[in-house]
Amino acid sequence: MADANTKRGIEPATAMNSAAIIAQLDLEPHLEGGYFRRSYTAAHNIDGRAAMSSIYYLLSAGSPIGHLHRNRSDILHFWQGGCALHYTLIAPDGEISHPILGPNIAAGESLQMLVPGGYWKASELKHIEALDSDYGLISEAVCPGFDFADHEMASVALIQRDHPQHWPAVAHLVSPQSQDNKHS
């Protein structure tokens, strides 16, 4: 028996590849890497900003890194389909962690994850050649709603200055386009 989404012509994410999901969800390239589309912006405001916003975000075999960046607001991440996403988080005090957002909760993966405002964050698809999928799809909810004025891409100089102890491990996560530019 077909579910409601299949009846509407929406294929289950597990039966699709990245190109099909990008097309069906109308995703576009994201400056951090990967693909996205804003799916919701609250109509009501808090202090002049949308109370909440959300996006779909997809990493693919062709764009497997969401480059290192930070936001002012807290962001909740929800795993939606495909491969697990491996995160690198650097707290303001310099503590580094590597949570995994994915479906295998028995192996320590999480279905949802909070990244507090002010944390550096990057995401990656890893070991994709050994998996049956060529993407990882998540959703993110931001409160208050996302504003590019609150977003900062990491630069080589900034990470080397503030977190030199982590530089060798995170160098590949800094976008080549982010050369000391805020809001790149």
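**Reading a predicted model: sheet, rings and loops**

Modeller: In this predicted model, six strands make up an open sheet whose order is β1-β2-β5-β13-β7-β11, with antiparallel pairing.

Biologist: What makes β1 and β11 the edges of the sheet?

Modeller: β1 (28-29) and β11 (112-115) each have a single partner strand, so one side of each is left without a neighbour in the sheet.

Biologist: How do you know that β5 and β13 count as paired strands?

Modeller: Pairing requires at least two bridges between the strands, and eight bridges join β5 (residues 53-60) to β13 (residues 135-143), so the two are paired, and they run antiparallel.

Biologist: Which peptide bond is cis, and where is its proline found?

Modeller: The bond from C143 to P144 is cis, with omega near -5°, and P144 is found in the loop between β13 and β14 (151-153).

Biologist: Why is the pair of F146 and F148 called edge-to-face?

Modeller: A pair of aromatic rings is described by the distance of the centres and the angle of the planes. For F146 and F148 the centres are 4.8 Å apart, which is within the limit of 6.5 Å, and the planes stand at 85°, which is over 60 degrees, so the pair is edge-to-face. By this rule the count comes to one aromatic pair.

Biologist: Why are F146 and F148 called partly exposed?

Modeller: Buried means under 20% relative accessible area and exposed means over 50%; F146 has 22% and therefore falls in between, and F148, with 44%, also counts as partly exposed.

Biologist: What makes the phi of D26 worth noting, and is D26 buried or exposed?

Modeller: D26 has a positive phi of about 55° although it is not a glycine, and D26 lies in the loop between α2 (18-24) and β1. Its relative accessibility is 55%, which is over 50%, so D26 counts as exposed.

Biologist: Where is D47, and why is D47 called exposed?

Modeller: D47 has its place in the loop between β3 (45-46) and β4 (49-50), and its phi, near 55°, is again a positive value in a residue other than glycine.

Biologist: How many helices and strands does the chain have, and what share of its residues is buried?

Modeller: The chain has four helices and 14 strands, and buried residues make up 44% of its 184 residues.

Conventions
Residues are numbered from 1 along each chain as its sequence is written. This is a predicted model: local features need pLDDT of at least 70, side-chain atom pairs count only at pLDDT 80 or more; totals for chains, interfaces and linings use all residues. Side-chain values use heavy atoms; hydrogens and water are left out. Buried means under 20% relative accessible area, exposed over 50%, partly exposed in between (1.4 Å probe, protein chains only). Rings of Phe, Tyr and Trp (its six-membered ring) pair if their centres lie within 6.5 Å; planes under 30 degrees apart count as stacked, over 60 as edge-to-face and the rest as tilted.
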